[in-house]
Amino acid sequence: MQKQNELLKEIRSWLITLVVSIAIVFIVNNCVIVNAEIPSESMENTLEPGDRVIASRLSYLSSDPKRGDIVIFKYPVDDALGITKLYIKRIIGLPGETVEIKNAEIYVDGSEIPLDETYIKEEWIRRNDGLTFHVPEGYYFMLGDNRNNSADSRCWAEEALKNGLASNWEEAEIYSYVAEDKILGKAWFRYWPMNKITGFYES
């Protein structure tokens, strides 16, 4: 009888440990971090397909997202369609700003000096001219680092129209931007592959 009681106590102890462990993992994954695998070439050469990244869900509790941050977010078109696929891009335009793309350069709020974008993979030749975006308050304008192969804010309004989420360009334009509450976390570091561990603390 004593051995049976000891066995039951041991089983109960293991069950408690298992439940607590599962609860901790759930809380960490849903309240502290986002663990994501890079699915495409859109962020090359900063991030490559198959790379694994940890993003912090706590980064914007005391500060707002800033230009240059690499963030994981809910893609507006998919989110409207009830699809849960996540995207990772770089913040280029902030709330209330006007972003102009001219001759493969980005100008903000009429500045004559383009953004310094040393992270661009190669010569930017696709959708690189004659584009203007007025970022609404509470929203952000996103681009991939691999501008020639990135489905980003430049084309999301068109995707919204194709998917029947808007009946005209004016209605579709809002899908070009990511609402602040749809940003899940700021990329913190790449942990895989092991030989390419990189921190993005200053991104």
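A contact here means heavy atoms within 4.5 Å. By that criterion, residues 24 or more positions apart account for 64% of the contacts in the protein chain with a separation of 6 or more. The structure is a predicted model, in which local features need pLDDT of at least 70 and side-chain atom pairs count only at pLDDT 80 or more, while totals for chains, interfaces and linings use all residues. Residues are numbered from 1 along each chain as its sequence is written, and side-chain values use heavy atoms, with hydrogens and water left out.

The protein chain contains four helices and eleven strands (DSSP runs, H or I of at least four residues for helices and E of at least two for strands, numbered from the N terminus). Of its 203 residues, 38% are buried (under 20% relative accessible area; exposed is over 50% and partly exposed in between, with a 1.4 Å probe and protein chains only).

Phe73 touches residues including Met142, Trp156 and Ile183.

Salt bridges (a side-chain nitrogen of Lys or Arg within 4 Å of a carboxyl oxygen of Asp or Glu) number 14 in the whole structure. One of them joins Arg147 to Glu117, with the closest N and O atoms 2.7 Å apart. Because Arg147 lies in the loop between strand 8 and helix 3 and Glu117 in the loop between strand 6 and strand 7, the pair ties together parts 30 residues apart in sequence. Both Arg147 and Glu117 are buried.

Definitions and conventions
Lists of a residue's contacts leave out its neighbours within four places in sequence.
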